[in-house]
Amino acid sequence: MEFKEKKIILLSLDGGGIRGIITCVILKYIEDQLKQLDNEEAKIGDYVDFVSGTSTGALIASLLLMPDDNHPKKAKHSITDALNIYLGEGKNIFSKTFWTLLNNPLSVFKGNLVTIVLEEQLNIVFKNTELKQLIRPCAFVAYDTINQKPKIFNSIDAISPFRNFYIKDVCRASSAAPTYFEPVNIQSFAKEEFCCIDGGVFANNPTFLGYIETQKINFNKYLKDESKFNGIAPLKEFVVISIGNGSRAKSYTYQDLYGISKSKWVDPLVDIFISTGVDMVDTEMQSLYSLLKPKYQQNYYRFNPKIPESAIDLGNVSDDNIKTLLKVAKTYVANHKEELDEVVKKLIENKT
């Protein structure tokens, strides 16, 4: 099989609640450069070949892959739209009240009102858009509590009514973080039911999972681009761009953990599982790329700034924390422009 000149662009977006601001700022730099160097109307959704996302990453990805009302093969939203959501300024998408509710586990509202508001707003944004209608193939992660296994929503599979879902339901399932939102019961178009919680309990960094899901696709034929690899593409045919929402596990001393009740183990365990899982996937991807020839090893990018412990809480929507996240992300971008500019160049060279 002949290797093609154009690579396949895989974009992966971690979970992380309000820390999705970090993802948006990094992607905004990339999109701004695309506008400057390639097309003033550039939107990231039009430059990628596959997107994987978990939780808040699935929501951002869904926005980026929403079809334009007038051009269903083109992206409707820019990353600026998504960033405005997280800053509470996206009046045509979400309100600040919504995001305060979405990310604040200490909300003064009681019962499942926060969950109700989330569902209402997802319905407003995504309406009846279906998984199979997104402009690029993608895979979003949730966890199926009935069958005790990951639930992967792959748009390639969505040609079947058993695998097709409303995007609003996919986002609801992938972001159903325990202690933040109620679990969700969703139905496929074939009326098969699934009870789901947040995909972060399985793959908060969905990069490797995204690569595995690409193995269902012949991008040459799917994208009708003869310069893409014809067949199931090996890793050397990919440019992988993986974006995290802040690296730093909370510290737990012996005194913090010794003798605590079972109920108080919940937060430390969730933090430990998610943090170690995120780092392990990055290590695995680096190891896989290290096995390739040197000219291919430069095609894996992981952008994940370190954050202060005060910013770890994915539900902290205070003004001070949002300022902290913005500062962290902008500083990180300023310090990694060389790598980000490489990504921009490769997106332009490899666009379909």
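1. Helices (H or I, at least four residues) and strands (E, at least two) are DSSP runs, numbered from the N terminus.

2. A word on what you are looking at: this is a predicted model, in which local features need pLDDT of at least 70 and side-chain atom pairs count only at pLDDT 80 or more, while totals for chains, interfaces and linings use all residues. Residues are numbered from 1 along each chain as its sequence is written, and side-chain values use heavy atoms, with hydrogens and water left out.

3. The structure holds 12 salt bridges. One of them brings together the side chains of Lys7 and Glu237 at 3.6 Å, N to O. Lys7 lies in the segment before strand 1 (8-13) and Glu237 in the loop between helix 9 (219-222) and strand 7 (238-243), so the pair ties together parts that are 230 residues apart in sequence. Both Lys7 and Glu237 are buried.

4. Next, please look at Glu213 and Lys216, whose side chains meet in a salt bridge of 2.9 Å, N to O. Glu213 counts as buried because its relative accessibility is 10%, whereas Lys216, at 41%, counts as partly exposed. Salt bridges that share partners join Asp157, Arg163, Glu213 and Lys216 into one network.

5. Strand 6 (residues 193-198) deserves a visit too. It is mostly covered, with 5 of its 6 residues buried. Strand 3 (residues 138-144) runs antiparallel to strand 6 and is joined to it by 3 bridges (two strands pair if DSSP finds at least two bridges between them). Strand 5 (residues 184-187) is also antiparallel to strand 6, with 4 bridges joining the two. Cys196 is a handy landmark in strand 6: Asp144 stands opposite Cys196, and Cys196 is also the bridge partner of Val184. Strand 5 and strand 6 form a hairpin with 5 residues between them, and Lys191 in the turn has a positive phi of about 70 degrees.

6. Met66, in the loop between helix 2 (56-65) and helix 3 (79-86), is buried, with a relative accessible area of 4%. Its C-alpha atom is separated by 9.4 Å from that of Ile167, 101 residues apart along the chain. Ile146, in the loop between strand 3 and strand 4 (149-154), counts as exposed at 57% relative accessibility. Ile146 and Phe194 are 7.2 Å apart, C-alpha to C-alpha, and 48 residues apart in sequence.

7. Finally, turn to the surface, where Glu338, Glu339, Asp341 and Glu342 gather in a patch of negative charge. Such patches are made of residues with over 30% relative accessible area and no salt bridge, like charges being joined within 9 Å, and nonpolar side chains (Val, Leu, Ile, Met, Phe, Trp, Tyr) within 5 Å. Glu338 lies in helix 14 (residues 337-350) and is exposed, with a relative accessible area of 65%.

Terms used
Areas by Shrake-Rupley, 256 points an atom, 1.4 Å probe, with all protein chains shown as cover. Salt bridge = Lys/Arg side-chain N within 4 Å of Asp/Glu carboxyl O. Lys, Arg positive; Asp, Glu negative; His and termini not counted. Charge placed at Lys NZ, Arg CZ, Asp CG, Glu CD. Buried < 20%, exposed > 50% of the residue type's maximum accessible area, 1.4 Å probe, protein only.
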